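Here is a short briefing on one protein model. Look at the sequence and structure first, then read the points by topic.

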Amino acid sequence: MILEQRSIKIGLFVFEETDGQRLEDIMLGYELTNFLVYNLRETSVSRLLPSLSSNAMDICILDIDLGIEQLEKLFAMSALENSGHILIYADEHQMDSMRKCMEYGAKGFLMKGVQEVELLFAMASVLEGGSFISPALATRFFKTYQRKWKLLNELTEREILVVNGLVEGSSYKQIAQQNHMSINTVRDYVKKIYRKLHIQSRGELLYKVHIL
């Protein structure tokens, strides 16, 4: 798979200056395609939305460290205007944020420090209507969710509802209202969950769900 001989507009926002410059140099040095790279690192986060919108990018490579709230807005803008494909620049310790970006509509994930061949292949893939995830990220992603599945498989359906509420930061009262239970029933489920998972606090539960 190779990139076509045409002009491709790339929006690039990577916090690490030297890494962003390295990615830009890779694209500008690729002779088969005329890359027009808009390095947006100096653009304030508040100006990022209009900058991407006004330049009608073919692909946007966005650092996951922008934060989920900001990325959600960028995905919403991209979907509304039917604009460029979004590739997320991430590392293997950001699985939960990657999952959310996938839900928002990310076309792929690039491992921070990605090399030339992988970068070019990823862009070619999404421009042809496909998706891409760096192999190192894919391996970590599958391992993470296989472990989570094994973890949650030990719980009943009702216990999983309570876990979801705890992970989302809901109070016992909110969990009870959302799932049509009494607060005492929620407390009983929490005790059972903690016993099954060999934990003693909500913090330990969050660690098991998000960090594994």
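Arg-99 is partly exposed, with 26% relative accessible area. Here buried means under 20% relative accessible area, exposed means over 50%, and partly exposed lies in between, with a 1.4 Å probe and protein chains only. The model is predicted: local features need pLDDT of at least 70, side-chain atom pairs count only at pLDDT 80 or more, and totals for chains, interfaces and linings use all residues. Residues are numbered from 1 along each chain as its sequence is written, and side-chain values use heavy atoms, with hydrogens and water left out.

- Arg-99 meets Asp-96 in a salt bridge, at 3.1 Å from N to O. A salt bridge is a side-chain nitrogen of Lys or Arg within 4 Å of a carboxyl oxygen of Asp or Glu.
- The two residues sit 3 places apart in helix α4 (residues 95-104), so about one helical turn separates Asp-96 from Arg-99. Helices (H or I, at least four residues) and strands (E, at least two) are DSSP runs, numbered from the N terminus.
- Asp-96 is buried, at 16% relative accessible area.
- Asp-96 also forms a salt bridge with Lys-100, where the closest N and O atoms are 3.9 Å apart.
- Asp-96 and Lys-100 both lie in α4, 4 residues apart, or about one turn of the helix.
- Shared partners join Asp-96, Arg-99, Lys-100 and Glu-103 into one network of salt bridges.
- Lys-100 is partly exposed, with a relative accessible area of 29%.

**A salt bridge between loops**

- The count of salt bridges comes to 7.
- One of them links Lys-112 and Asp-65, with the closest N and O atoms 2.6 Å apart.
- Lys-112 is in the loop between β5 (108-111) and α5 (116-127), and Asp-65 is in the loop between β3 (59-63) and α3 (68-81), so the pair ties together parts 47 residues apart in sequence.
- Lys-112 is partly exposed, at 26% relative accessibility. Asp-65 is partly exposed too, at 42%.
- Why can such pairs form? Side chains of opposite charge can pair when their charged atoms come close.

**The sheet**

- An open sheet is formed by 6 strands in the order β2-β1-β3-β4-β5-β6, with parallel pairing. Two strands pair if DSSP finds at least two bridges between them.
- The edge strands are β2 and β6 (132-133), each pairing on one side only.
- Strands β1 (residues 7-13) and β2 (residues 34-39) pair in parallel over 6 bridges. Within this pairing, Ile-8 has Phe-35 of β2 as its bridge partner.
- β1 and β3 run parallel, joined by 4 bridges. Phe-13 has Leu-62 as its bridge partner in β3.

**Helices on the sheet**

- α1 packs on the sheet and touches β1, β2 and β4; its direction makes about 160° with that of β2. Contact means heavy atoms within 4.5 Å. Axes are lines fitted to C-alpha atoms, for helices over the stretch in contact, and angles run from 0 to 180 degrees between N-to-C directions.
- β1, helix α1 (residues 17-28) and β2 make a right-handed β-α-β unit. A crossover is right-handed if, with the strands pointing away from the viewer, the path from the first strand over the helix to the second runs clockwise.
- α5 lies across β1, β2, β3, β4, β5 and β6, at about 150° to β4.
- Leu-119 has its place in α5. At 0% relative accessibility, Leu-119 is buried.
- Leu-119 and Leu-23 are 96 residues apart in sequence, yet 8.3 Å apart in space, C-alpha to C-alpha.
- Beyond its neighbours within four places in sequence, Leu-119 is in contact with residues including Leu-23, Met-27, Ile-61 and Val-114.

**Nonpolar cores**

- The largest nonpolar core has 25 residues; Leu-52, Leu-62, Leu-71, Ile-88, Met-98 and Cys-101 have the most contacts inside it. Such a core is a set of buried Ala, Val, Leu, Ile, Met, Phe, Trp, Tyr and Cys residues joined through side-chain atoms within 4.5 Å.
- α2 (45-55), β3, α3, β4 (85-90), α4, β5 and α6 (135-152) each supply at least two residues of this core. The largest share, 5 residues, comes from α3.
- Apart from this core lies another, of 22 residues, among them Ile-8, Tyr-30, Ile-61 and Leu-120.
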